[in-house]
Amino acid sequence: MRHPRWILPISMLSASFLLLLAFGLERYWVGAIAALGLGFWGWYDSKKKEWTWGVDIFLVGAVMLVTIGAIFKLRPYLLLPALLFALVFWDIARFQRRMADSPASQKLVNIENRHLGLLGVVVAVGGVVALITLAFQVQLSFAVILILGV
């Protein structure tokens, strides 16, 4: 990726820190240590140049920690942005690795800009829908969630 290089480290550190904070504030030390380990895993894998499954493992670990945090009724205002930051990290890292072998051109910059714009829209819409659900304590059936997801 030719520009916003700060997106990867900021999103990975934010996701890990928010998970660490969510578990640490409630004194669930195993979860806090797992969030710290997830952060180290994401940092280590983001430094590699070749393709690995580490970014996917980071996302799965973040989703697992957010799910466990929701089960333990941890603060949702920490869990929701952590999940959104983890999704941004996963998406940008995969996009960056796919585009690494592409020759530099104006079309590539346009593709990157469009991808970042669409990612921003998806994260914003997902965050707003989740915040509405949290704010109004709306119970959605699986069918409705599936339709919204599609």
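Which pattern does the protein chain follow when read along the sequence? In this predicted model, the protein chain follows the pattern α-α-α-α-α-α. Along the principal axes, the C-alpha atoms occupy a box of roughly 50 × 35 × 20 Å.

Of the 150 residues of the protein chain, 35% are classed as buried. Among contacts with a separation of 6 or more, 74% are accounted for by residues 24 or more positions apart. The accessible surface of the protein chain amounts to about 9,700 Å², and carbon and sulfur atoms contribute 73% of this area.

Helix α1 spans residues 7-25 and contains 19 residues. The distance from its first C-alpha to its last is 26 Å, close to the 27 Å expected at 1.5 Å a residue. The buried residues of α1 include Ile7, Leu8, Met12, Leu18, Leu19 and Phe23; Ser11, Ser14, Ala15, Ser16, Ala22 and Gly24 are likewise buried. The partners against which the buried residues of α1 pack are α2 (29-46), α3 (54-71), α4 (76-99) and α5 (106-136).

Gln96 is located in helix α4. With a relative accessible area of 26%, Gln96 is partly exposed. The C-alpha atoms of Gln96 and Leu8 are separated by 9.6 Å, whereas the two residues are 88 residues apart along the chain. Leu8 itself is among the buried residues of α1.

Arg27 follows α1 and is found in the loop between α1 and α2. Although Arg27 is not a glycine, its phi is positive, at about 65°. Arg27 is exposed, with a relative accessible area of 64%. A positive phi is also found at Lys73, a residue other than glycine, where the value is near 60°. Lys73 is placed in the loop between α3 and α4, and its relative accessible area of 71% makes Lys73 exposed.

How values were computed: Residues numbered from 1 in each chain as written. Predicted model: local features only at pLDDT ≥ 70, side-chain atom pairs only at ≥ 80, totals over all residues. Heavy atoms only, no water. Helix = DSSP H or I, 4+ residues; strand = E, 2+ residues; numbered from the N terminus. Buried < 20%, exposed > 50% of the residue type's maximum accessible area, 1.4 Å probe, protein only. Contact = heavy atoms within 4.5 Å. Areas by Shrake-Rupley, 256 points an atom, 1.4 Å probe, with all protein chains shown as cover. Expected span 1.5 Å × (residues − 1).
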